[in-house]
Amino acid sequence: MANTLDYKKIKELTYLAIQYKNLEAILGLLKSNVYASTDALDCDEGVKFFTEKAKNSETSMAEVYFFIRRPISEKYKKIFRRLARQSILKTSLKITSKGIRGNYKKTVPYYHVGMPEFDLDETIQHNPLNIYKKSLTYKDIYGIRRQRQKRKIILILDTSGSMYGKLLLNAALTTSVLAYNMEKEEYGIVLFNSTAMVLKKIDEKKPIITIIDEILDSEAVGFTNIHIGLEKGLKELDKIKERTRNKFGILISDGNYNRGDNPIDLAKKYPKLHVIGIPAENDAARGIDTCREIAKAGQGKFFAVNNYREIPRALIELLSQI
């Protein structure tokens, strides 16, 4: 019905939706005529409404921001962007808190009082005689010390026009999840569509707030060139000269490239390349098959998700396994 309404009527209905605190109606009106609805939201009442909504909703504030970020006035844009960023950070922190961090266990002598775990198998293996004689001492016991793996990751995110809006939101949320999960480890971020840009260099210190703001104001345009995204990512990964098993790339894409060379050959050059595949709007099966082939060529894991909302949790699951 909203598609048959004129500018003035949609603006009036948006005012009414604000008064009745109806977020779903506002999202529908924004899809119908973003300029008319934004005109109504571009005021103190609009900011007050979304400030309240941002406290309870997870990502709706970010979805709204992607609609209004161009037509909204600069005065209110900064406020709406801050609300969008806060909702992304809050949601990603909630997702990350449910994930498992990448730890490995190392068997060491049980030197320290209060070490939470001891290794029964190692203790038996090294002290069969003492156990037989019942002369096992405190120094004979082996404990388990859990240490964080130091990983080097380059995240390569598809923001092409074929995945407009949804993947910009996902890029912000996924990047935030990665930053929380990695903490003091090294990671870089590449965004690609027809071209590719390094949003964060792998050896760069950059606040997560700045990264999210840059994603929120970036464009999801152009065709899909997976090859150029992988190329940029590999250059960043090659900056890590030390030999380590924990150096790899993670590609997130629908797999339906329509520009650039075949990415399969380039995937083989990665020390390890994992892929999270999301169904494309058109020819989803072909895209997922391409994602699976890229992961195989990169000797990495492949995760298929049903929609973009599942990507951050798939990333947490992947990080817990590597």
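Contact here means heavy atoms within 4.5 Å. The model is predicted: local features need pLDDT of at least 70, side-chain atom pairs count only at pLDDT 80 or more, and totals for chains, interfaces and linings use all residues. Residues are numbered from 1 along each chain as its sequence is written, and side-chain values use heavy atoms, with hydrogens and water left out.

1. Serine 176. This residue lies in helix 9; helices (H or I, at least four residues) and strands (E, at least two) are DSSP runs numbered from the N terminus. Serine 176 counts as buried because its relative accessibility is 0%, where buried means under 20% relative accessible area, exposed over 50%, and partly exposed in between (1.4 Å probe, protein chains only). Beyond its neighbours within four places in sequence, serine 176 is in contact with Ile88, Leu89, Ser92, Ile208 and Ile212.

2. Helix 10. Ile212 is also one of the buried residues of helix 10 (residues 208-216), together with Ile211, Asp213, Ile215 and Leu216. The buried residues of this helix pack against helix 5 (60-68), helix 6 (74-97), helix 9 (166-182), strand 4 (186-192) and strand 5 (196-200).

3. Strand 6. Seven of the seven residues in strand 6 (residues 247-253) are buried. Lys247, Gly249, Leu251 and Ser253 point one way, while Phe248, Ile250 and Ile252 point the other. In a regular strand the side chains alternate between the two faces of the sheet.

4. Pairing of strand 6. Two strands pair if DSSP finds at least two bridges between them. Strand 6 pairs in the parallel sense with strand 3 (residues 152-158) over six bridges, and five bridges join strand 6 to strand 7 (residues 273-277), also parallel. Isoleucine 250 is the bridge partner of leucine 155, and histidine 274 in strand 7 is the bridge partner of isoleucine 250.

5. Cores. A nonpolar core is a set of buried Ala, Val, Leu, Ile, Met, Phe, Trp, Tyr and Cys residues joined through side-chain atoms within 4.5 Å. The largest has 62 residues, of which Phe50, Phe80, Ile250 and Ile276 touch the most other members. Helix 9 supplies the largest share of this core, ten residues. A second, separate core of 22 residues includes Leu237, Leu251, Ile264 and Ala267.

6. Cysteines. A search of the whole structure finds zero disulfides, a disulfide being a pair of cysteine sulfur atoms within 2.5 Å. Cysteine 43 counts as buried because its relative accessibility is 13%. Cysteine 291 is buried too, with a relative accessible area of 0%.
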